[in-house]
Amino acid sequence: MPKDAPPNGDAWPDEVPMGPRRRVSEMQAKLHRWAVADPGRRFDDLFNFVYDPATLIMAFDRVAGNRGANTPGVDGLTVAGVEERLGVPGFLDDLRAAVKDGSFRPLPVRERKIPKPGGSGKVRVLGIPRLADRVVQAALKLVLEPIFEADFEPVSYGFRPRRRPHDAIAEIHHFGTRGYRWVLDADIEAAFDNLSHSFAMDRVRARVKDKRVLALVKAFLKAGVLTEAGEYQDSHTGTPQGGILSPLIFNIALSALDEHVMAPWKNDGPMSTSGKRAYRRSKSRPTWRIIRFADDFVILVHGSREDTQALREDVAQVLTPMGVRLSPAKTQVVHMSDGFDFLGFRIRWKRKRGTDKWYVYTFIADRPVRTLRAKIRTLTHKTSQWDLASILTQLGQIMRGWASYFKHAVAKHTFSKLDDFTFWRLAHLLRARHRWNWGQLRRHLTAATGRWRIAAGGIEFFRIERVTVSRYTYRGNKIPSPWPTTNPA
């Protein structure tokens with residue numbers, strides 16, 4: 001399994017130490033095993049797992065490990081505040097008692113607007129739950145995720161354990177190379193804001209019978225929002241971005257789309273084997289496959305534009321009961337030779353330079369490059385008050401993460417251009433700050449080897465052009481589940 005990019009989701013490592021983590025891991029393994037063995041099973045008596053001390057300890061650890069651990073909800077409480085003033089054991093004891101006796105009630109989420117990437121001027125609305133709500137949501141996720149993971153289709157990659165955006169891109173590359181070159185590039189309009197609560201709850205009820213767990217899930221969906229203006233708003237639709245449980249609930253709902261589109265691939269279906277798919281194509285009938293990452297998805301079609309357009313209309317009908325719809329402006333039918341953007345990458349089928357052979361290439365899309373350059377400009381402005389070591393540290397953190405994500409694309413040229421851009425931004429900053437001419441700048445930045453070198457306080461300028469570029473290995477249906485499907489005993 002490639003180790004260069006962190007998987008999304010909350011899977012435990014293969015070796016689980018003793019204590020709360022072991023207890024929760026064993027509980028999850030049992031739930032997953034039972035769900036796989038009986039696809040029609042509805043689980044009862046899950047509530048005791050939610051308020052189990054081990055589950056709450058692991059849920060708190062998960063919340064404390066998140067980047068937003070010290071971002072307060074409407075009650076102003078943070079992880080640091082609990083650790084310093086209340087004590088974690090006392091906080092969890094009180095929370096467990098409230099959940100167990102039914103007195104626990106979620107509070108409205110705190111609205112927070114952040115700019116969307118790309119400099120479009122649009123904002124993304126987040127809903128920040130209070131700390132206690134986050135812990136209970138994390139506990140619910142620990143219990144529910146192993147059950148629903150047994151049902152999710154392998155073509156879904158977003159917010160699932162041991163799966164990455166790179167797996168989705170690799171699948172597009174794999175099938176695009178094999179003739180699936182018409183693309184329904186879909187965009188769901190305000191998906192997280194408009195998701196139907198009744199549809200989502202019906203999907204949860206298909207697997208969960210425990211009324212207390214269902215009541216908790218519904219209470220989080222209906223918790224409401226405290227706006228930035230201090231006004232309360234009811235939540236009639238949607239699942240707030242920012243909640244720990246939200247991506248799982250969204251995946252549970254959108255898995256209905258995956259199941260519908262992939263139904264012909266099931267056992268004995270008209271696309272269940274390579275032979276059957278080839279036979280369909282010999283009769284001028286299309287084959288297709290969806291690749292979804294949360295609310296972003298594409299459908300690859302081995303057929304014609306008309307076949308792809310028909311799928312667009314079919315998908316629109318499937319989405320209607322969910323309360324969401326395709327964006328008319330952003331959803332398009334394109335041929336892979338024209339290229340399309342997905343998860344920050346630009347995917348295009350094109351002729352290899354100097355040959356007559358055509359291949360599917362994965363480039364870096366324009367928007368992530370623009371966003372990174374804007375961040376570099378902000379950090380390296382001539383009037384910046386940061387000392388050089390701090391600037392180099394922040395640049396290194398940003399560019400390492402960015403390069404780690406995009407190093408599986410055809411990225412060498414882009415990395416080189418960004419390296420030059422950043423180097424000369426730093427050079428102009430130093431010239432302005434120290435009032436050096438070019439000769440003085442050269443003397444200060446030339447190392448003993450004769451090469452230019454920018455460093456301060458033991459921190460050296462991160463050279464993104466030196467990052468190794470490699471193709472990501474397509475894993476297909478071989479992505480392992482974090483929970484065994486057979487009883488180890």
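Which residues does Ile299 touch, leaving aside those up to four places away in sequence? With contact taken as heavy atoms within 4.5 Å, Ile299 touches Trp182, Val183 and Leu184, then Val261, then Trp288, Arg289 and Ile290, and finally Leu311 and Val315. This is a predicted model, in which local features need pLDDT of at least 70 and side-chain atom pairs count only at pLDDT 80 or more, while totals for chains, interfaces and linings use all residues. Residues are numbered from 1 along each chain as its sequence is written, and side-chain values use heavy atoms, with hydrogens and water left out.

Ile299 also belongs to the largest nonpolar core, which has 138 residues, and it is listed with Phe91, Leu257, Met322 and Phe342 as touching the most other members. Such a core is a set of buried Ala, Val, Leu, Ile, Met, Phe, Trp, Tyr and Cys residues joined through side-chain atoms within 4.5 Å, where buried means under 20% relative accessible area with a 1.4 Å probe, protein chains only. Helix 6, residues 131-149, gives the most to this core, with 12 residues.

Turning to the whole chain, there are 17 helices and 13 strands, assigned as DSSP runs (helices H or I, at least four residues; strands E, at least two) and numbered from the N terminus. The radius of gyration, taken over C-alpha atoms, is 25 Å, close to the 23 Å of the globule rule for 489 residues, so the chain is as compact as a globular protein of that length; the rule is 2.2 Å times the number of residues to the power 0.38. Of the 489 residues, 49% count as buried, and residues 24 or more positions apart account for 71% of the contacts with a separation of 6 or more.

Definitions and conventions
Buried < 20%, exposed > 50% of the residue type's maximum accessible area, 1.4 Å probe, protein only.
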